[in-house]
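Work through the exercises below with the sequence and the 3D structure at hand. Try each task before you read its solution.

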Amino acid sequence: MTDTSERSREAGGARTHDDLRRRFLLWIPAAVFGAAAVSLLTTAYRFLRPRAGAAAADADPRGGWLAVGRVSEMGGGRPLRRAVTVERRAGWSLARREQAVFVLPGAGPRVVSAVCPHEGCEVEWDAGASAFLCPCHDSRFGPDGERTAGPAERGLARLPARVTGDVLEVLYEPSGGGPDAPAVQG
């Protein structure tokens, strides 16, 4: 005796309900494995590819320089606190964060980071003491950013700065010193 599916194929080549169900059940694992493979390949590509931002930075005429503010608006005899927006890339995520910097008074563009080199807390300017004070561990820094007291082993990081037209720009690059530590300029 022949199977009903064999009879139906011999009769006219029409597929039965059982044949369609078998084929469907065979395609389910293939679809699941295919979706997983596409997901893994997409993730690997986004993580391992060369950073798009690196190519854009090369094409950027500013070359990674961040605008701090207009030079004509910065004056006076005390450090001015300003913020720059820094981009950090970790894998395929991009985080933008504002970082505080201080523009120092005097001749030429001088900018220091507001990040304490000891534990990464943000320092504040104390006009009465004419010094930068770290609220976390009481490190003190002079008006030029140099360490005067406390557990910090060095002064505030001096950042490369330049004036383009009437705009003060700073180069703020992370280093290995902490999550917000800028590159130190000697």
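A salt bridge is a side-chain nitrogen of Lys or Arg within 4 Å of a carboxyl oxygen of Asp or Glu. The model is predicted, so local features need pLDDT of at least 70 and side-chain atom pairs pLDDT 80 or more, while totals for chains, interfaces and linings use all residues. Residues are numbered from 1 along each chain as its sequence is written, and side-chain values use heavy atoms, with hydrogens and water left out.

**Exercise 1.** State how many salt bridges the structure holds, then describe the one between R162 and E169.

Solution. Step one: the count is six salt bridges. Step two: in the pair R162 and E169, the closest N and O atoms are 2.8 Å apart. Step three: classify each residue by relative accessible area, where buried means under 20%, exposed over 50% and partly exposed in between (1.4 Å probe, protein chains only). R162, at 28%, is partly exposed, whereas E169, at 6%, is buried.

**Exercise 2.** Which parts of the chain does the salt bridge between E122 and R81 tie together?

Solution. Step one: E122 and R81 form a salt bridge with an N to O distance of 2.3 Å. Step two: E122 sits in the loop between strand 4 (110–113) and strand 5 (124–126), and R81 in strand 2 (residues 80–90), so the bridge ties together parts 41 residues apart in sequence. Step three: E122 is partly exposed, with a relative accessible area of 33%, and R81 is partly exposed as well, with 40%.

**Exercise 3.** Give the strand order of the open sheet of four strands and find its edges.

Solution. Step one: two strands pair if DSSP finds at least two bridges between them. Step two: the order is 2-3-4-9, with antiparallel pairing. Step three: strand 2 and strand 9 (158–159) are at the edges, since each has a single partner strand, so one side of each lacks a neighbour in the sheet. Step four: strand 2 and strand 3 (residues 93–104) run antiparallel and are joined by 11 bridges. E87 stands opposite R96 in strand 3.

Key:
Helix = DSSP H or I, 4+ residues; strand = E, 2+ residues; numbered from the N terminus.
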